[in-house]
Amino acid sequence: MPDSRATVPVVTTIHLVYLARLREAFGRADEDVAVMVERPTVATILALLRDRGGIWAEELAPGRAVRVALNHTVSDGDAWLRNGDEVALLINNLGATTMLE
């Protein structure tokens, strides 16, 4: 018999949007990603995507000028995510200093 006290994993579904160069590099404009982390952040999503390896790790490498919008508002890596949030990613080629690790 299953332990009724066992913790049920929390699944948060995030809608990812890839803009400009990232859309071309990844071969897709968007996708939904399910994250099984209790309190996911933008940094959690970036790490998950980097873990795919290849072009994902290269384009989203720490130190790259990755701009993030959370629900259409510029955000940083510490922002908490909720189920159904939209995270848009863009490589900033205009020389701004905002970078996410």
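This is a predicted model: local features need pLDDT of at least 70, side-chain atom pairs count only at pLDDT 80 or more; totals for chains, interfaces and linings use all residues.
Local features here need pLDDT of at least 70 and side-chain atom pairs pLDDT 80 or more, while totals for chains, interfaces and linings use all residues. Residues are numbered from 1 along each chain as its sequence is written, and side-chain values use heavy atoms, with hydrogens and water left out.

The protein chain has 3 helices and 5 strands, taken as DSSP runs (H or I, at least four residues; E, at least two). From the N terminus, the order is β-α-β-α-α-β-β-β. Of the 101 residues, 36% are buried, that is, under 20% relative accessible area with a 1.4 Å probe, protein chains only.

The largest nonpolar core holds 21 residues; such a core is a set of buried Ala, Val, Leu, Ile, Met, Phe, Trp, Tyr and Cys residues joined through side-chain atoms within 4.5 Å. Leu16, Tyr18, Leu49, Val87 and Leu89 have the most contacts inside it. Helix H2 (42-50) is among the elements giving two or more residues, and H2 gives the most, with 4. Tyr18 touches, among others, Phe26, Leu49, Trp56 and Leu89 (contact: heavy atoms within 4.5 Å).

Then there's Asp85, in the loop between strand E4 (73-75) and E5. Asp85 is buried yet has no salt bridge (a side-chain nitrogen of Lys or Arg within 4 Å of a carboxyl oxygen of Asp or Glu). Arg82, the nearest side chain of opposite charge, sits 4.3 Å away. The Asp85 side chain does make a polar contact with that of Asn71, at 2.9 Å (N or O atoms within 3.5 Å, one able to donate a hydrogen and the other to accept it; residues adjacent in sequence count only if both atoms are side-chain atoms).

Terms used
Buried means under 20% relative accessible area, exposed over 50%, partly exposed in between (1.4 Å probe, protein chains only). Lys and Arg count as positive and Asp and Glu as negative; His and the chain ends are not counted. Lists of a residue's contacts leave out its neighbours within four places in sequence.
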